Amino acid sequence: MGAALGGGVGALGGPATAALGAGLGNATGEALKQGELDEEVAKIKALTEGDVEKLLELKMKEEGGFLQQMQEWFWSVLKWCILGSVLYFVVPMIYTRHIHKKIK
């Protein structure tokens, strides 16, 4: 998947960049797959050894807690509110300045 995407994007620059993009996409895909594989190996090792604490730690890391999810939601809403407020106040100021310059 990564090689096809990298090759497609690289094709915009020609054959050489297509080959380079495909190679980089493939390398990125393999690196991501290796990271997922390491997590699965740790999970299987914890299952075979009966390490309940390690399994709980992996599951909490994977899902996050209710408070963590609520905190992420709160910050997301807060960022959108700040963006909306900035636009609400800045856009009219810029528009008024533009009209004022146009009248002069």
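Tutor: Let's go through the overall picture, then the aromatic pairs, then the confidence. This is a predicted model, where local features need pLDDT of at least 70 and side-chain atom pairs count only at pLDDT 80 or more, while totals for chains, interfaces and linings use all residues. Numbering starts from 1 along each chain as its sequence is written, and side-chain values use heavy atoms, with hydrogens and water left out.

The protein has 4 helices and 0 strands, helices being DSSP runs of H or I with at least four residues and strands runs of E with at least two, numbered from the N terminus. Buried residues, meaning those under 20% relative accessible area with a 1.4 Å probe and protein chains only, make up 8% of the 104 residues.

Now for the rings. Searching the whole structure turns up 2 aromatic pairs; to pair, ring centres of Phe, Tyr or Trp (its six-membered ring) must lie within 6.5 Å, and planes under 30 degrees apart count as stacked, over 60 as edge-to-face and the rest as tilted. Phe74 and Trp75 are edge-to-face because their planes sit at 70°, with the ring centres 5.6 Å apart. Tyr88 and Phe89 also make an edge-to-face pair, at 5.2 Å centre to centre and 80° between the planes.

How open are these residues? Exposed means over 50%, and partly exposed lies between that and the buried cut-off. Phe74 is partly exposed at 45%, and Trp75 is partly exposed at 44%. Tyr88 is exposed at 62%, and Phe89 is exposed at 52%.

The protein averages 73, and 53% of the residues score at least 70. Where pLDDT is low, the predicted coordinates should not be read in detail.

Terms used. pLDDT is the predictor's confidence in each residue, from 0 to 100.
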